[in-house]
Amino acid sequence: MEVIGFGFPGENVFCPGGPIYTNPKEPSLFLSLGLPVDVYFPSRKRSRISAPFVFAERFEQKKQSSIEVLPDECLFEIFRRLPGGEERSASACVSKRWLSLLSSICRDELCSQNKSAVKNTEVKSKVEDEEIEGDGCLSRSLEGEKATDIRLAAIAVGTANCGGLGKLFIHGSNSSRGVTKVGLRAIARGCPSLKVLSLWNLPSVGDEGLSEIADGCHMLEKLDLSQCPAITDKGLLAIAKNCTNLTDLVLESCSNIGNEGLQAVGQYCTNLKSISIKNCPGVGDQGIAGLVSSASNVLTKLKLQSLNITDVSLAVVGHYGKAVTDLVLTNLPNVSERGFWVMGNGQGLHKLKSLTVASCPGVTDTGLEAVGKGCPNLKQFCLHKCAFLSDSGLVSFTKAAETLESLQLEECHRITQFGLFGSLLNCGANLKAISLVNCSGIRDLKLDLPELSTCNSLRSLSIRNCPGFGDNSLALLGNLCPQLRNFELSGLQGVTDAGILSVLENCEAGLVKVNLSGCVNLSDEVVSVMTEQHGWTLEMLNINGCRRITDASLVAIAENCFLLYDLDVSKCATTDSGIAAMARSKQLYLQVLSVSGCSMISDKSLPALVKLGQTLLGLNLKHCNAISSSTADILVERLWRCDILS
C-alpha cells in the first residue's frame with residue numbers, strides 16, 4: 001500500500017492515526033481518489049488541505065472551476081455580501097461583467113450586516129469630501145468622448161465608498177458608445193443621494209433613463225436638461241412625481257417636452273424656486289400658466305427664452321408671480337405690447353427686484369411704463385435690442401420705478417441724449433449705476449439746459465461703443481453726476497481730453513475704477529490730472545489702445561497713485577523708461593500689469609520688471625516683440641508667484 005504523509009508546521013514526525021473519516025459515509029461527499037489509498041493524519045487534528053493535490057504520478061490533476069462559470073445570479077449574491085465599499089470597488093476592476101453587476105446593486109439590496117460598514121465608511125470619508133469639494137458634495141464631470149456607460153458605472157460603484165455622489169455633470173457623449181439608460185440606471189442605483197444632475201447634448205438618453213433617475217434619486221434638487229431630444233413629457237412627469245425636493249429646473253432645446261410635463265412639475269414639485277426654459281417649441285401658454293400658477297408662492301426665478309408663448313403667459317406671470325424676484329424674458333416674438341401692459345398691471349410682481357428684457361418687439365413706451373408702475377421694488381433693469389422703445393418711454397419708466405438702482409441699455413437705437421439725461425434727471429434717489437452699450441441713436445448735441453439738480457446717487461457710469469457720444473455729452477454728465485466712483489468710456493473715438501477733464505474737475509468723490517480703453521484721442525494730460533486729483537483713491541486704470549499715452553503718464557502714475565493695483569497700458573507709446581519709473585516708485589504696489597503690444601518695451605526692462613514682480617500676481621507681455629524669449633523665461637523663473645503671458 002502506498003502511503004503519503006503531510007508535513008505540518010512544528011511537527012515533522014509522521015504520526016500514525018485513524019482514517020480521515022470515522023463515518024464511512026463522509027468520503028462519499030468528496031471526489032473519489034480512484035485507487036485504494038490510505039491517508040493518515042495525526043489524531044484529533046483538522047485537515048488543513050485547501051488546494052488539490054497530486055497523489056503520485058498516477059493521478060491526473062483536477063483543475064479548479066473558475067468563478068466566471070457562475071451565473072449572474074450567483075455573482076450578484078456574492079457581491080452584495082462583500083463587507084465594504086473598498087472590496088466592491090476592487091471587484092469592479094476585474095471585468096466589465098463584474099462592474100456591470102456591482103453597479104446594478106442598490107444600497108437596500110446590500111446584506112444588513114454590511115450596511116453598518118457602509119455607513120461607517122461614509123462618515124469616515126465625509127470630512128475628506130468636504131475638504132475637496134468645499135460644500136460637502138462629491139462631484140463628477142464627464143465630457144465628450146469620456147462620457148460612456150462604463151464610466152458612469154465605475155463612478156456609481158467608486159463613489160459609494162465616499163458617501164455617494166452629490167453632483168454629476170455629463171456634457172456630450174462618446175460618438176460610438178454614448179451615454180444611455182444603462183449608465184443612468186447605474187447612477188440611480190448606486191447614487192441615491194444625488195442632488196444635482198446636468199445632462200447636455202445626449203441624444204441617446206430618453207424617458208427610460210430619466211425615469212431610472214427619478215426612481216432612484218429621490219433627493220434630486222437641481223436638474224439641467226439641454227439638447228436632449230429623446231426626453232419627453234413622460235420622463236419629466238416621472239421626475240416631478242418622484243423628486244418632490246426639486247428646486248431648480250433648466251430645460252433647453254428639448255424639442256419633445258411640452259405643456260404636460262411643465263404642468264406636472266408645477267403640481268408635484270412644491271419646492272420649485274427657479275426654472276429656465278429656452279428653445280422648447282412644444283412649450284406654450286398652457287404649460288407656463290400651469291407651472292407659474294401652481295408654484296405661485298415659492299417660485300423666485302423665472303427665465304423664458306425663445307418660446308412660442310403669447311400675451312397670456314405674461315398675464316399669468318404678472319398675476320401669479322407673487323414670489324418672483326428675478327425675471328428674464330428673451331426673444332418672445334409673439335408677445336405684444338398688451339402682454340407687457342397686462343403683466344405690469346397684474347399687481348403680482350411686488351417682489352420683483354431684477355428684470356431683463358431682450359429681443360422682444362412687444363416692448364413699447366406704454367408697456368414699459370406699466371411695468372415700472374407694477375414693480376414697486378424693482379432695483380435692476382436690463383433692456384437689450386428693443387427697437388421700439390423711445391426716449392419718452394424710458395423717462396416714464398425711470399419716473400415710475402422709484403426704487404431703481406441699476407439701468408442697462410444695449411442696442412436700443414431709438415434712445416438719444418434726451419432719453420439718457422431725462423432718465424438721470426427724473427430717476428429716484430436710488431439710481432447708482434447706468435450703462436449704455438452699442439446705442440447708435442446718441443448724438444453729441446450741445447444742449448442748453450437750465451440749472452438742474454444733480455444726480456448725487458449715481459456712482460457708476462459706463463458708455464461703451466456709442467460712436468455719437470462725445471465731449472458735449474461728457475460736459476453735461478460731469479455737472480449732473482458729481483459723486484461718480486466708477487467711470488468707463490470704452491471705444492469712444494470722439495472723446496478728447498476736454499471731455500474727460502470736465503468730468504474729472506466736477507467729480508467730488510474720488511474715482512476708484514477708470515476704463516478709457518479705445519479712446520484714441522486722449523493724451524498724457526488726462527492721466528496727469530486724473531492721478532493728481534484722484535490718485536489717493538484710484539485702484540484700477542485701463543488705458544488700453546490710447547496710442548498718445550507715453551512714459552509721462554507712467555511717471556505720473558508712479559508719483560501719485562498709492563492704491564493702484566491693476567494697470568493696463570497695452571498698445572500705448574510707453575518705453576523702457578516708463579517701466580523703470582514705476583519700478584523706482586516707493587508707494588506703487590501693482591498686482592496686475594498689462595503692457596501687451598508695447599513694441600518699445602525691450603529686454604532692458606528686465607531689472608525693472610523683476611522689481612515690480614515682487615508684488616505682481618499677473619503680467620501680460622503678449623506681442624511685446626522687443627522682449628526676447630530668454631528674457632521671458634528669466635521672468636517666469638524669478639517671478640514664480642506671478643502668472644505671465646508672453
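Predicted model: local features only at pLDDT ≥ 70, side-chain atom pairs only at ≥ 80, totals over all residues.

User: How many helices and strands does the protein chain have, and what share of its residues counts as buried?

Analyst: The secondary structure of the protein chain comes to 22 helices and 22 strands, and of its 646 residues, 49% count as buried. The accessible surface is about 30,800 Å², with 50% of that area belonging to carbon and sulfur atoms. Among the contacts in the chain with a separation of 6 or more, 82% are made by residues 24 or more positions apart.

User: How should I read two packed helices, and at what angle do the axes of α13 and α14 cross?

Analyst: Two packed helices are described by the angle between their axes and by the distance between those axes. In this model, helix α13 (residues 365–374) and helix α14 (residues 391–400) have axes that come within 8 Å and cross at roughly 10 degrees. Since angles under 35 degrees count as roughly parallel, α13 is roughly parallel to α14. On the α13 side the contact is made by D365, L368, E369, G372 and K373, which meet S392, G393, S396, F397 and A400 in α14. By class, this contact has three nonpolar, four polar and three charged residues.

User: Which residues of α17 meet α18, and how are the two helices oriented to each other?

Analyst: The axes of helix α17 (residues 497–506) and helix α18 (residues 524–534) come within 10 Å and cross at roughly 5 degrees, and the two helices are therefore roughly parallel to each other. From α17, the residues D497, I500, L501, L504 and E505 meet E525, V526, V529, M530, Q533 and H534 of α18. The residues of this contact divide into six nonpolar, two polar and three charged.

User: How do I read an aromatic pair, and how many does the structure hold?

Analyst: A pair of aromatic rings is described by the distance of the centres and the angle of the planes. The structure holds one aromatic pair. The rings of F381 and F397 have centres 4.4 Å apart and planes at 40 degrees, so the pair is tilted. Because F381 lies in strand β12 (residues 380–384) and F397 in helix α14, the pair ties together parts that are 16 residues apart in sequence.

User: Are F381 and F397 buried or exposed?

Analyst: Both F381 and F397 are buried, and F397 is also one of the α14 residues that meet α13.

Terms used. Residues numbered from 1 in each chain as written. Heavy atoms only, no water. Axes fitted to C-alpha atoms, helices over the stretch in contact; angles between N-to-C directions. Helix = DSSP H or I, 4+ residues; strand = E, 2+ residues; numbered from the N terminus. Parallel < 35°, antiparallel > 145°, perpendicular 65-115°, else oblique. Contact = heavy atoms within 4.5 Å. Nonpolar A, V, L, I, M, F, W, Y, C, P; charged D, E, K, R; others polar. Buried < 20%, exposed > 50% of the residue type's maximum accessible area, 1.4 Å probe, protein only. Areas by Shrake-Rupley, 256 points an atom, 1.4 Å probe, with all protein chains shown as cover. Phe/Tyr/Trp six-rings, centres within 6.5 Å; stacked < 30°, edge-to-face > 60°.
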